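Here is a short briefing to read alongside the model.

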Amino acid sequence: MSTTPIPIATPNRDDGSLRPPTDFQTRRMRLSSARRYAVNHLVTGLAVLSTVLVIVPLVAILGYLIYKGASSLNLAFFTHIPAPVGEPGGGMANAMLGSGIILALASSMGVPVGIAAGVYLAEYGWGTMLGMAVRFTADVLNGIPSIVMGIAAYSLIVMRQMHFSAFSGGVALAIMMVPTITRTTEEMLMTVPHAIREAALGLGVPKWRTVISVSLRTASPGIITGCMLAFARVAGETAPLLFTAFGNQFWSFKLNEPIAALPLQIYVYAISPYDEWHRLAWAGALVLILMIMVSVTLVRIYAGRGVLKGAS
Amino acid sequence: MGVGIDVEHLNAWYGTNHTLQDINLNIPANHATALIGPSGCGKSTFVRCLNRMHETNPIARATGVVKMGEVDIYKDASPVDIRRRVGMVFQRPNPFPTMSIYDNVASGLKLNGFRHKAILDETVERSLKAAALWEEVKDDLKKTSGASLSGGQQQRMCIARALAVDPEVLLMDEPASALDPVSTSKIEDLIFQLKSQYTIVIVTHNMQQAARVAENTGFFLNGKMVEFNSTDKIFTTPSDKRTEDYITGRFG
Amino acid sequence: MSLEREPEPSSPLTAPTLPMDAAPIHAPAIINFVAAAEPVAAEGPPSPIRQYLRARGNGGLADGTFAAVMLVCALSIFAIVLFILTILIARSRLSLSQFGLGFFLRSAWNPVTGDFGALPFIYGTLATSLLALAMAVPLALGVAIFLSELCPERLRSPISFLTELLAAIPSVVYGLWAVFVLVPIMRDQLGPLLVKYLGWTGFFEGANFGVGLLTASIILAIMILPIISSITRDIMLAVPVSQREAVLALGATRWEMIRTGVLRNARIGIVGAVILGLGRALGETMAVTMVIGNHPDISRSLFAPANTLASVIAGEFSEATSSMYISALIEIGLALFLVTIVVNAIARALVWAVTRGAPARVH
């Protein structure tokens, strides 16, 4: 008692015992603090709720599609053309072949141009005004509704030729593929480290050879994946084919005639009044979904985040 | 065998940045020349001017005369020609990741269209031996990926790759700075052996390395070449006070 | 500063023994080059490698050609846009000259009499898109916040995979599902429920056949949700960790950290993401065509059948017989093209401003 007490935050009580530490928060602060935590929990709950609200129905849709499609899918689907109206059986073999033909056409036009444009952006035009303009325009083009491409191809080709054709459908789809592939190719080429380009240039390899044998070669898995994604994306497109390829109930191999396509057939059957055709539509939808699943999975394996992520 | 390089009034810019200011020097053939100086003083830019690699940067430009032997490399030849005569080894090893060791070393030839298999085999072996890497990789040349080697091995492979095109000059931009001491000493031994056959220019941060391998040394500071002399003289009796300050560690 | 030169070495450099030395000064540079490359002394003939490389061209022509081809292909992007624009204008000239710009303010649509006006479709497009946005944006934000800030590590990958998958499903497949699942639900369950509780608002009058504005809006919302949420998530992830940490260090709760540290910084980009979703909704064709009822009418009721700019083209183009009909439809296509270009350009600019051109969104 004779010593001067050392001033501490919580002075001892008069009898020398310790007081609990002073609560520095005022009552008002404690209330608002409680409210803040409540808000925090509320928002967390809302976020989880919205995720559940979104994920569950979407999974349900997927599941329903798979279920309906699987029960409708049989071997005849892949081997037969549609049966006459009212008769059971039949398949969508001609539609799948038609899709294949159109897609091959579209890819042969769209892939080289797209990759070349991507090469320009990454290897020659990087940082230039022209490069930025091309990049921006490609991004904007990717958002144009596909039906517009269909009308454009119709106006250019079908109107002139006075008939529908697989070729016009291919052109419509090719126009859609080019901006997509351009951007994915550019992004993949940008992942190639600049040091190995320098290594090749330092050896006296001309630039064009460096681009082909070093840049493209190193980035090729990613570039191929990007092409695959573009392919999968246009494979499911219906609108551009509505008045270009037009559809065909029979086998068709000529590029100059109307041709069946899987998504087109699904649409026609879905809005038809016949149950048998509805069944075929579900089966066709399942085939499309499976193809999409495969390509999305492959993309995930090959290239993680980035441009390919949303390129679906 | 190597050729000498004469540099007269070389100026270089990156955009508006005047990186090299009026460099004049004479690099002798079949000798190793070291370039030392603090970071950012322009040594790397200088060697990149020697094989016109700075031109790969769109905002870079250079004026002046650089002669290899009798040839003005800016006026009398194209960059591709020059780079086939002047090999370059970079700071970080940069093997081609999609190619095997064999293809990496032979890339300077294969990518230029050379197809003669027997000569390719022999060149690859010779280059790998010259780079002191042969014994370590000779068993699986065509199957092992170039990127799967250790850092020191990769750098030696890059040296072999540069040697395979039979250059006359070898430029090395801090070749050992990213490597461990053991690999570093292997590469220094290499330089010691190679310099009788090639003209070597080596940029280094490490003054002891310069003292070990080079006969001549140039000291760069802020884009100017302050002093260029035999290594002995630079490190024992430098003529310029700034050189002395740098060497004794007062800055940089 | 002393600049000492290496004393003149008596090396092959200065020894004038090159056979070509006697050649005139104006000898072609290439020959000088080749000759000067070989120092005299007795090193023997140049190696076959040197010979080969010296003789090989420097690829100047190939370089130029290659670069030109790449450039042309890059310019094709512009060519595509210009081509679409010109051809659409050309083919809609008939309708343009007949109705002028008032075409978009008129409410007629009579193929028989040749009287066309696109106002109902503009109404349909705006109504479905805005309604879809209203439904999708809050949910998409919630999902984005959950995935980027709150989600346990293990769940992140499967959920984002699912989102990608759902964004990739073709429109016609969504349409198929909507026709056979959503329409019956709307007709039999959801519709009556809405009438019962919200009928007083006046938005749910009229007969309910399951198709109409509301159904189309719902399927549209489902379709644009994955895209909005994944772009928003990317934007949120682009906000540097230091921003988050700074706010946390001041004692914020997690939500406050998200609100001030992340969302405030990402505001612009999120607006961009929403506008991108809008752009997608504006142009969505197949699924909407299948459930909107295909009727060129403006009605306050959400149960009413309607049409959007895209769905009228899809639904009626193949039946269009007269040139005026086709021209009118193509003019609608032109309008759609221009509107989506503008909307997408704004959206991309906003997203780009925030992510600085990092991972591009390819949709």
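In this predicted model, six strands of chain B make up an open sheet with mixed pairing, in the order E6-E7-E8-E3-E9-E10. From one strand to the next, the twist averages 15 degrees. The points below start with that sheet and then turn to chains A and C.

**The sheet of chain B**

- The edges are taken by strand E6 (86–89) and strand E10 (224–230) of chain B; each has a single partner strand, so one side of each is left without a neighbour in the sheet.
- In general, the strands of a sheet pair through backbone hydrogen bonds, in a parallel or an antiparallel way.
- Strand E7 (residues 169–173) and strand E8 (residues 199–203) of chain B run parallel and are joined by five bridges.
- For a residue pair to look up, take B:Met172, whose bridge partner in E8(B) is B:Ile202.
- Helix H1 (residues 43–50) of chain B lies across strand E3 (32–36), E6, E7, E8 and strand E9 (216–221) of chain B, and H1 runs at about 150 degrees to E8(B).

**Chain A: helices and domains**

- Chain A has eleven helices and zero strands, which reads along the sequence as α-α-α-α-α-α-α-α-α-α-α.
- Of the 312 residues in chain A, 53% are buried.
- Among the contacts in chain A with a separation of 6 or more, 71% come from residues 24 or more positions apart.
- Where the two domains of chain A touch, six residues of domain 1 are in contact with seven residues of domain 2.
- On the domain 1 side of that contact in chain A, three residues are nonpolar, two are polar and one is charged.

**Where chain C meets chain A**

- Here 80 residues of chain C are in contact with 84 residues of chain A.
- Helix H3 (residues 60–91) of chain C gives the most to the chain C side, with 19 residues.
- The chain C side that touches chain A consists of 56 nonpolar, 16 polar and eight charged residues.

**The largest nonpolar core**

- Which residues touch the most other members of the largest nonpolar core? They are C:Ile219 and C:Val291, in a core of 281 residues.
- Leaving aside residues up to four places away in sequence, C:Ile219 touches C:Tyr174, C:Ala178, C:Leu182, C:Ala287 and C:Val291.

Notes. Residues are numbered from 1 along each chain as its sequence is written. Chains are lettered from A and ligands numbered from 1 in the order in which they are written. This is a predicted model: local features need pLDDT of at least 70, side-chain atom pairs count only at pLDDT 80 or more; totals for chains, interfaces and linings use all residues. Helices (H or I, at least four residues) and strands (E, at least two) are DSSP runs, numbered from the N terminus. A residue is buried if 20 or more other C-beta atoms lie within 10 Å of its own, exposed if 12 or fewer, and partly exposed in between; C-beta atoms are placed from the backbone. Ala, Val, Leu, Ile, Met, Phe, Trp, Tyr, Cys and Pro count as nonpolar, Asp, Glu, Lys and Arg as charged, and the others, Gly among them, as polar. A nonpolar core is a set of buried Ala, Val, Leu, Ile, Met, Phe, Trp, Tyr and Cys residues joined through C-beta atoms within 7 Å. Two strands pair if DSSP finds at least two bridges between them. Axes are lines fitted to C-alpha atoms, for helices over the stretch in contact, and angles run from 0 to 180 degrees between N-to-C directions.
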